Amino acid sequence: MKEPDINWPEAVKPLLKKYKNKPHPLEAESLYQFLVMVVLSAQSTDNIINQIAPELFKAFPNMNALASASVETLTPFISKVRGFRKKANWLIGIAKELKNDSNIPLNMQQLTDLSGIGRKSANVILRYAKARPEGIIVDLHVVRVAPRLGIATGDDPTKIEKQIMDVLPQKQWDAGMAMSFLGREICRPEPACDECLMKKVCAYYNGWL
């Protein structure tokens with residue numbers, strides 16, 4: 001069956017309403033902590049990052065303290081994280097460049113200029129800071145959910161982000177994080193379609209794929 005034309009700005013409204021202002025699963029207490037945790041979370045789980053965070057931030061409570069770290073002094077606190085040596089170098093490099101928490105940039109270009117921060121991470125940081133969105137969060141959950149819904153195609157995060165940005169107005173760009181939450185809770189690899197508030201417009205559920 002051919003997929004009907006979907007008015008996506010209208011169709012995503014229930015999804016945006018459900019997850020509006022829902023905090024990211026990384027449990028940070030400041031923008032500094034969140035940035036560090038986002039860098040550490042690449043290819044690792046949010047649960048592991050949340051577990052190591054208290055001791056890590058007791059030892060390095062701000063950007064200035066982190067700037068004085070060495071790989072040797074930092075790695076014991078992050079050794080449970082995949083790729084911890086590379087990430088230690090990234091974090092120390094960021095801290096030496098920014099020096100203070102107040103210097104954390106809140107725009108896409110300056111964030112992605114920092115070591116270890118790509119578009120997805122920058123979008124996540126901007127959302128946490130309640131800054132003006134410059135893109136759409138596309139994590140592994142969105143890579144699964146967006147093509148199932150039919151709002152995007154393929155499995156390239158950059159292309160998926162552009163496709164969603166093309167069909168939604170900027171004020172709805174939090175749809176990326178909303179899809180991520182949907183993917184964590186409902187639209188898992190084995191989806192619970194009957195529980196999903198998006199099933200009326202979902203290509204996967206309706207057999208339009």
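Apart from neighbours within four places in sequence, glutamate 161 is in contact with Arg119, Asn123, Gly135, Ile136 and Val138, where contact means heavy atoms within 4.5 Å. Glutamate 161 belongs to helix H11; helices (H or I, at least four residues) and strands (E, at least two) are DSSP runs, numbered from the N terminus. With a relative accessibility of 5%, glutamate 161 counts as buried; buried means under 20% relative accessible area, exposed over 50%, and partly exposed in between (1.4 Å probe, protein chains only).

The structure is a predicted model, in which local features need pLDDT of at least 70 and side-chain atom pairs count only at pLDDT 80 or more, whereas totals for chains, interfaces and linings use all residues. Residues are numbered from 1 along each chain as its sequence is written, and side-chain values use heavy atoms, with hydrogens and water left out.

The protein chain contains 13 helices and 0 strands. The radius of gyration of the protein chain is 18 Å, close to the 17 Å given by the globule rule for 209 residues, so the chain is as compact as a globular protein of that length. This radius is taken over C-alpha atoms, and the globule rule is 2.2 Å times the number of residues to the power 0.38. Along its principal axes, the C-alpha trace of the chain spans about 60 × 30 × 25 Å. Of the 209 residues in the protein chain, 45% are buried. Among contacts in the protein chain with a separation of 6 or more, 59% are accounted for by residues 24 or more positions apart.

The surface and the charges were also examined. The protein chain exposes about 10,900 Å², of which carbon and sulfur atoms supply 51%; accessible areas come from the Shrake-Rupley method with a 1.4 Å probe, and for residues only the protein chains shown count as cover. There are 28 positive and 22 negative side chains in the protein chain, and the centres of the two sets lie 1 Å apart. Here Lys and Arg count as positive and Asp and Glu as negative, while His and the chain ends are not counted. The place of a charge is taken as NZ of Lys, CZ of Arg, CG of Asp or CD of Glu.

A pair of aromatic rings is described by the distance of the centres and the angle of the planes. Rings of Phe, Tyr and Trp (its six-membered ring) pair if their centres lie within 6.5 Å; planes under 30 degrees apart count as stacked, over 60 as edge-to-face and the rest as tilted. By this rule, the count comes to 4 aromatic pairs. In one of them, the rings of tyrosine 32 and phenylalanine 57 have centres 5.6 Å apart and planes at 70°, so the pair is edge-to-face. Tyrosine 32 lies in helix H3 (residues 31-41) and phenylalanine 57 in helix H4 (residues 46-59), so this pair ties together parts that are 25 residues apart in sequence. Both tyrosine 32 and phenylalanine 57 are buried. Phenylalanine 34 and tyrosine 128 form a stacked aromatic pair, with 4.2 Å from centre to centre and 10° between the planes. Since phenylalanine 34 lies in helix H3 and tyrosine 128 in helix H9 (residues 119-128), the pair ties together parts that are 94 residues apart in sequence. Phenylalanine 34 is buried, with a relative accessible area of 0%, whereas tyrosine 128 counts as partly exposed at 28% relative accessibility.

Glutamine 33 also lies in helix H3 and counts as buried at 13% relative accessibility. When neighbours within four places in sequence are left aside, glutamine 33 is in contact with Ala28 and Phe57. Tryptophan 90, in helix H7 (residues 84-98), is partly exposed at 25% relative accessibility. With the neighbours within four places in sequence again set aside, tryptophan 90 is in contact with Val39, Ser115 and Gly116.

Several loop residues complete the description. Aspartate 155 is placed in the loop between helix H10 (140-149) and helix H11 (157-167) and is exposed, with a relative accessible area of 62%. Most residues other than glycine have a negative phi. Asparagine 21, although not a glycine, has a positive phi of about 65°; asparagine 21 is found in the loop between helix H2 (13-19) and H3. Lysine 130, likewise not a glycine, has a positive phi of about 55° and is found in the loop between H9 and H10.
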